[in-house]
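Visitor: I have a structure open and would like to talk it through. Could we take the chains in turn and then the contact?

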Amino acid sequence: MNGMLVLPIAIPLITATLALLFRKSSYLQRLFGLLGMGALLVSVILIFRDVQADGIQVLQLGNWAAPFGITLVVDMLAMLMIGITAIMGVVIAIYSIYDIDREREQFGYYPLLHILVMGVNGSFLTGDIFNLYVWFEVMLIASFILLALGNSKNQLQGALKYVFINLFSSLVFLFGVAMLYGMTGTLNMADLAVRLPEVENTGLVTTVAMIFMVSFGIKAAVFPLFFWLPASYHTPPVAISAIFGGLLTKVGVYALIRVFTLLFTHDTGYTHTILLWVGGFTMVIGVLGAASHVEFRKILSFHIVSQIGYMIMGLAFNTAMGIMGAIFYVLHNILAKSNLFLISGIAQRLLGTFELKKMGGLYKHYPFLAVMFLISAFALAGFPPLSGFWAKLSLVKAGLSIELYVITGVAILVGLLTLFSMTKIWLSAFWGAVPEEVPDHFGKQPLFGAGGLHILMIPVMIIAGLIILVGLNAQPLLELCMTAAEQLLNPSVYIEAVLGPQ
Amino acid sequence: MDTLLPILAGAIFATGIYLLLRSSLILTVIGIILISNSVNLALFSLGRISTENPPLIAAGSIEPISPFANPLPQALILTAIVIGFGLLAFALALAYRSYRELGTVDQDELLKDAEDTSAGIVPRENLENGGDA
């Protein structure tokens, strides 16, 4: 029992309440935003120390013993995920100070941001499948409003697609939960893992596995269920795009990793083969979509889809190396992808547009921003010595070691195509000539100093620093991911931690 | 009841899917409502329906008189209904707002403009100039 596990949920809730109480004061809301996310980061570090020292941490809420009450569980995977969430929270809280306009602040941007983080953390922490559904909904309702907040035509159109597809996916998820309960009579994930192998009708278990794959697949935006993502993620303000693009789809990936390592391992020849195909197609279709677009944020949105494919592929390998690669890829991708979104926001502030053909001259006037872009883009494409290199390397190694040469080849090829669309952004927005029509401040407003752009640059520099740090010193993080993968492949550790010795 | 409820849930689900596929936004919202209800019904029937004592603990004793009915599916459905209600309220508000802003509830019309303004797929000649704009 570790009471601290409740903090990553409680702190954002308290911050959200405070921000709601002081809705009229932009200053206080921003301050609470920073303090809240800072406190979250501290609490996560404290939990990390316990996880490092004593292994999986468990909290039985309300002191109800395991299969009856709701359990919060932090194994290494959940630990890494809440860690990256806290880092993203801090970064987005800083970026929002300048990026979010007063009107959105007045209409509840900050409370919603914290509720969103609460929902994400809850999804990572919970050890109960119905509770996971509830946290998903908490996260969804916050994301719905964040996406629609502002009511511009584009946003409404994006929100419509996002809302209805995600509502449907939640209902599919709920139906899957109902079937699990009908088969086993329990909702606790550890207890489910014990009882599912005892179910005689394995065909029905596979059916439920597919229901979960569809539901989480929609949330993670895998092929062929990804269409809502590129249609909506480029519409809200950049701070929101960044946290959506970085974090939200990864909650779906997390849920997929969780259920397909803990619950549905009875017929991996069937389920994981489907996952492998899904991963392959997701990679290819996503990157081709990115290649055909010329809007900064749309390209990035399609790349989210493409990168999700790598994570699904790692999961489908179902080996320690593959899952380690998938987890490392999730962490690296959250950093690189959010940073690219944040940079696109700065570029848009300077040039007044996201359209690549109307952009140009950023390298000439803002070389530092260009360097930041290069770091993140190269990390995304997988250049050594940045974080993406290690992520891709472990996945490729995992693929080769179980002799899946075709999909490994596809993964490498998609890496090249990623580089192609990053080059496209680089050639027009950064190296291109300064367009004829630019806002008056272009070239005059410095990145650091008057004008406040440095507030936007701080998060970008933090993340770029982390990307380089992870790239140059990947060993500690790789080891943590390996621990996480080993725990996932050996569910008895998880089960014993939750239910006690069997 | 054991056979009737699943069939009913299936029929409502199918109706919901049909409505989801229609082009009017209002029908889509109603479709989601129907699917939500059918999933709740499915949850109810998968929790096994039985005619036993209510799961109430009489004064002085520490457990209900057995055999007692399983209260958990109802608790789950209650939670699901509350959540569904909140999401539905938002979906309706969004549909109304979209109607006010965009002047139509036909989804083909609603989403048509998006391709033009947000620069989805652009004509080929623009792509080729993209590099040196």
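Visitor: How many helices and strands does chain A have?
Guide: Chain A has 21 helices and 2 strands. Please bear in mind that this is a predicted model.

Visitor: What is the confidence for chain A, then?
Guide: The mean pLDDT of chain A is 88, and 100% of its residues reach 70 or more.

Visitor: And where in chain A is confidence lowest, and where highest?
Guide: The lowest mean, 81, belongs to helix 4 of chain A, residues 102-106. Helix 5 of chain A, residues 109-125, has the highest, at 93.

Visitor: Turning to dimensions, what does the radius of gyration of chain A agree with?
Guide: It agrees with a compact globule: for 502 residues such a globule would have a radius of gyration near 23 Å, and chain A has 22 Å. The C-alpha trace of chain A spans about 70 × 55 × 40 Å along its principal axes.

Visitor: What share of chain A is buried?
Guide: Buried residues account for 63% of the 502 residues in chain A. As for contacts in chain A with a separation of 6 or more, 79% come from residues 24 or more positions apart.

Visitor: Which residues touch the most other members of the largest nonpolar core?
Guide: That core has 232 residues, and those touching the most other members are A:Leu80, A:Leu174, A:Leu256, A:Ile312, A:Leu315, A:Ile327 and A:Ile467. Helix 14 of chain A, residues 320-351, gives the most to this core, with 19 residues.

Visitor: What is A:Leu174 in contact with, neighbours within four places in sequence aside?
Guide: A:Leu174 is in contact with A:Tyr133 and, from chain B, with B:Val39, B:Leu43 and B:Ala80.

Visitor: Then on to chain B. Which pattern does it follow along the sequence?
Guide: Chain B reads α-α-α-α-α, with 5 helices and 0 strands. Of its 133 residues, 26% count as buried. Among contacts in chain B between residues at least 6 apart in sequence, 52% join residues at least 24 apart.

Technical notes: Residues are numbered from 1 along each chain as its sequence is written. Chains are lettered from A and ligands numbered from 1 in the order in which they are written. This is a predicted model: local features need pLDDT of at least 70, side-chain atom pairs count only at pLDDT 80 or more; totals for chains, interfaces and linings use all residues. pLDDT is the predictor's confidence in each residue, from 0 to 100. Helices (H or I, at least four residues) and strands (E, at least two) are DSSP runs, numbered from the N terminus. The radius of gyration is taken over C-alpha atoms; the globule rule is 2.2 Å times the number of residues to the power 0.38. A residue is buried if 20 or more other C-beta atoms lie within 10 Å of its own, exposed if 12 or fewer, and partly exposed in between; C-beta atoms are placed from the backbone. Two residues are in contact if their C-beta atoms, placed from the backbone, lie within 7 Å. A nonpolar core is a set of buried Ala, Val, Leu, Ile, Met, Phe, Trp, Tyr and Cys residues joined through C-beta atoms within 7 Å.
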